[in-house]
Amino acid sequence: MDLLTRIRTLRGLRAAPEVPLPDVARCVAIIMDGNGRWARRRRLPVAAGHRAGTRALRRTVEAAIDLGVESLCVYAFSTENWSRPADEVESLMGIFVETIERELPDLARQGVRVRFIGRRDRATDALRAKMAELEEDTAANDRLELWIAFDYGGRAEVVEATRRLVDEGVEARDIDENAIAARLYAPEMAEPDILIRTSGEQRISNFLLWQLAYTELVFVETLWPDFGERDLRHALGEYAGRRRRFGGR
Ligand code: IPE
Ligand code: IPE
Ligand code: MG
């Protein structure tokens, strides 16, 4: 889809070629929050909320492809989420495995390339194997980059990058922003243009601390399991009306 068509689609315009082109969000990050509240409101177990959340992710990936998004980075499990009750953590790990099994063929067919950021050493063997399989089976795709943040923490990422600098014996005078950025989990991941957080919470919760420096933040009330194409379109429409300054005039 060309740029103008995308903007018209986002803004619901039919034809207005004289409208100046606003920024279009190509790289989107999402904090997928609200699964627990969604389940509680329905008097369902929390795992049902997480399962419903995986269906919302599926819808969102499809919508992102339709809206011409190039890179989508979603927060699936934080370094702090291990502190949740053991039965919730256990069911989540099972849901991650099931979801990869269920979605892998479609993601591969739709041209989505999936990669993970975060720690791998604390995942179960089954999950670690599924993550590797998903990455391998979609490695040649280039329609949408889907980054999944699992056992991810922004502070842990900067700590690991710092350790790498020391391990490599980099001199203090050679350390600059590029040196750190090159040692993050995925240096090739584009910095998000927009961060969407669902469920009404207005905080970052340790997500992409380095990469969000100049990202536009959009907070929406929708609980993650209810999120879909309309919400994504709405958030991207809001972004299109923002003016990014990057500290300049
Ligand atoms: C987000 O939903 C999913 C994960 C953190 C794994 P929550 O489970 O945090 O949902 P709420 O915030 O309790 O509603
Ligand atoms: C952030 O949500 C993590 C994910 C969505 C995976 P949380 O629900 O864990 O964040 P807090 O505790 O409300 O800040
Ligand atoms: Mg939450």
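**Terms and the values behind them**

Tutor: Asparagine 35 is found in helix α2, which covers residues 35-41; helices are DSSP runs of H or I with at least four residues, numbered from the N terminus. This is a predicted model, in which local features need pLDDT of at least 70 and side-chain atom pairs count only at pLDDT 80 or more, while totals for chains, interfaces and linings use all residues. Residues are numbered from 1 along each chain as its sequence is written, chains are lettered from A and ligands numbered from 1 in the order in which they are written, and side-chain values use heavy atoms, leaving out hydrogens and water.

Student: Why is asparagine 35 called buried?

Tutor: Buried means under 20% relative accessible area, exposed over 50%, and partly exposed in between, with a 1.4 Å probe and protein chains only. Asparagine 35 has a relative accessible area of 11%, so the word buried applies.

Student: Which residues does asparagine 35 touch, not counting those up to four places away in sequence?

Tutor: Asparagine 35 touches Gly49, His50, Gly53, Trp224 and Pro225, where contact means heavy atoms within 4.5 Å.

Student: Why does glutamate 88 count as buried?

Tutor: Glutamate 88, which is found in helix α4, has 10% relative accessibility and therefore counts as buried under the cut-off already given. Leaving aside neighbours within four places in sequence, glutamate 88 is in contact with Val46 and His50.

Student: What makes the link between the side chains of glutamate 88 and arginine 84 a polar contact?

Tutor: A polar contact is a pair of N or O atoms within 3.5 Å; within protein, one must be able to donate a hydrogen and the other to accept it, and residues adjacent in sequence count only if both atoms are side-chain atoms. The contact between glutamate 88 and arginine 84 is 2.9 Å, so the distance falls within that limit.

How values were computed. Helices (H or I, at least four residues) and strands (E, at least two) are DSSP runs, numbered from the N terminus.
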